[in-house]
Amino acid sequence: MRETQLNSYDYFLPEGLIATKPVEPKGQAKLLVYDRKKDSIEHLHFSDLAQILPECAIIFNDTKVIKARIYGQKDSGGKIELLLNQPLGSSNFSCFIKGSVKAGQNLEFPSALKAQVLELKDDGSRVVKITQNERELEAHELFAILDSIGHVPLPPYIKRADNKDDESWYQSIFAKNMGAVAAPTASLHFDKNMLQELKQKHEHAFITLHVGAGTFRAVESENILEHKMHSEYFEISKPAKAIINSTQKLLAVGTTSTRTVEYFVRSGASSGECDLFLHPLNPPKRVDFLLTNFHLPKSTLIMLVASFLGLEKTLELYKKAVEMKYRFYSYGDGMLII
């Protein structure tokens with residue numbers, strides 16, 4: 001079956017269409033609107049969203065991106081780059097380290113931070129224990145330190161160093177709960193006026209899913225059903241649960257909100273680790289409409305889009321977006337599926 005083959009989710013993308021910074025003002029970002037009932041495409045802007053969105057409630061992800069990338073050195077003196085992924089408890093953290101390390105090795109960073117490598121995982125991640133002046137750190141303490149010494153964890157396809165602008169560009173205006181190492185990118189398009197306009201017409205609520213570095217992890221199995229999905233911590237607020245359990249049509253802002261809602265519908269869990277993999281053979285059960293950016297070829301994110309549209313329509317719309325010179329990925333334009 002073609003939907004299970006990894007190469008089926010490939011498409012051609014010119015390098016010049018990968019956005020390295022967002023459009024300003026935000027409302028001028030382009031929005032491809034696909035109506036499934038009419039099988040019609042419109043090319044609009046994000047500033048049009050409140051006028052064209054059907055009657056529905058909206059679920060946003062209020063996770064906040066931390067400055068998860070830090071630079072330091074090994075105890076042997078060699079330079080090292082560490083990208084925090086997620087807390088594991090007891091001052092242990094999952095991370096990715098650029099540079100060779102071995103279990104037991106100590107890494108040093110500014111502000112007297114030290115990371116002891118405890119374990120090398122098969123997926124390329126590392127487990128470290130992080131201390132400051134030999135005191136073990138809780139996650140919230142580390143996040144506060146990273147705010148001073150860390151760097152915005154721009155995605156690997158944005159091939160430049162982060163700068164001061166990225167501190168606001170790579171954060172939604174409703175970001176609240178610290179813990180993400182990648183932004184829920186559909187949320188980046190909203191400014192205060194757009195958000196207020198939507199709130200006047202649509203009931204809304206927030207979930208929290210701390211986006212991990214696994215969101216950029218490549219699918220390596222040729223049969224996508226054999227892919228082991230990464231997990232990310234989530235919490236669903238009481239207002240969000242009430243909306244999800246209602247009979248209202250539902251718009252999820254982004255793939256992270258979609259997976260969180262769908263995980264709750266399947267499991268009944270309102271917090272924990274979400275590892276749901278949505279694809280054409282595992283379509284959404286509760287989310288009716290999706291607002292999202294354009295995603296990497298052969299990624300679990302484009303497979304999620306295909307869970308709403310089917311493989312062929314997804315590839316057709318992506319080809320159209322390339323032809324119309326939409327901007328792709330985190331800082332790029334977006335798509336609304338209704």
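**Entry 1: H6 against H7**

I began with the contact between two helices. Thr255, Thr258 and Arg259 of H6 meet Leu301, Leu304 and Phe308 of H7. I sorted these residues by class and got 3 nonpolar, 2 polar and 1 charged. I note that this is a predicted model.

Next I looked up the geometry. Two packed helices are described by the angle between their axes and the distance between the axes. For H6 and H7, the axes come within 11 Å. They cross at roughly 65°. I recorded the crossing of H6 past H7 as left-handed.

Among the buried residues are Thr300, Met303, Ser307 and Leu309.

Then I asked what covers the buried residues of H7. The cover includes two helices I noted by range, H6 (255-267) and H8 (311-323). It also includes strands E1 (30-35), E17 (289-293) and E18 (334-337).

Gly310 follows the helix, and its phi is positive, near 85°.

**Entry 2: Asp166**

I moved on to Asp166, which lies in helix H3 (residues 166-169). Buried or exposed? Asp166 has 0% relative accessibility, so it counts as buried.

I listed its contacts, leaving aside neighbours within four places in sequence. Asp166 touches Val152, Leu154, Arg160, Ala161 and Tyr331. With Tyr331 I found a polar contact, side chain to side chain, at 2.8 Å.

Conventions: Residues numbered from 1 in each chain as written. Predicted model: local features only at pLDDT ≥ 70, side-chain atom pairs only at ≥ 80, totals over all residues. Heavy atoms only, no water. Buried < 20%, exposed > 50% of the residue type's maximum accessible area, 1.4 Å probe, protein only. Helix = DSSP H or I, 4+ residues; strand = E, 2+ residues; numbered from the N terminus. Contact = heavy atoms within 4.5 Å. Axes fitted to C-alpha atoms, helices over the stretch in contact; angles between N-to-C directions. Left-handed = near helix turned anticlockwise from the far one by under 90°. Nonpolar A, V, L, I, M, F, W, Y, C, P; charged D, E, K, R; others polar. Polar contact = N/O pair within 3.5 Å; in protein donor to acceptor, adjacent residues only side chain to side chain.
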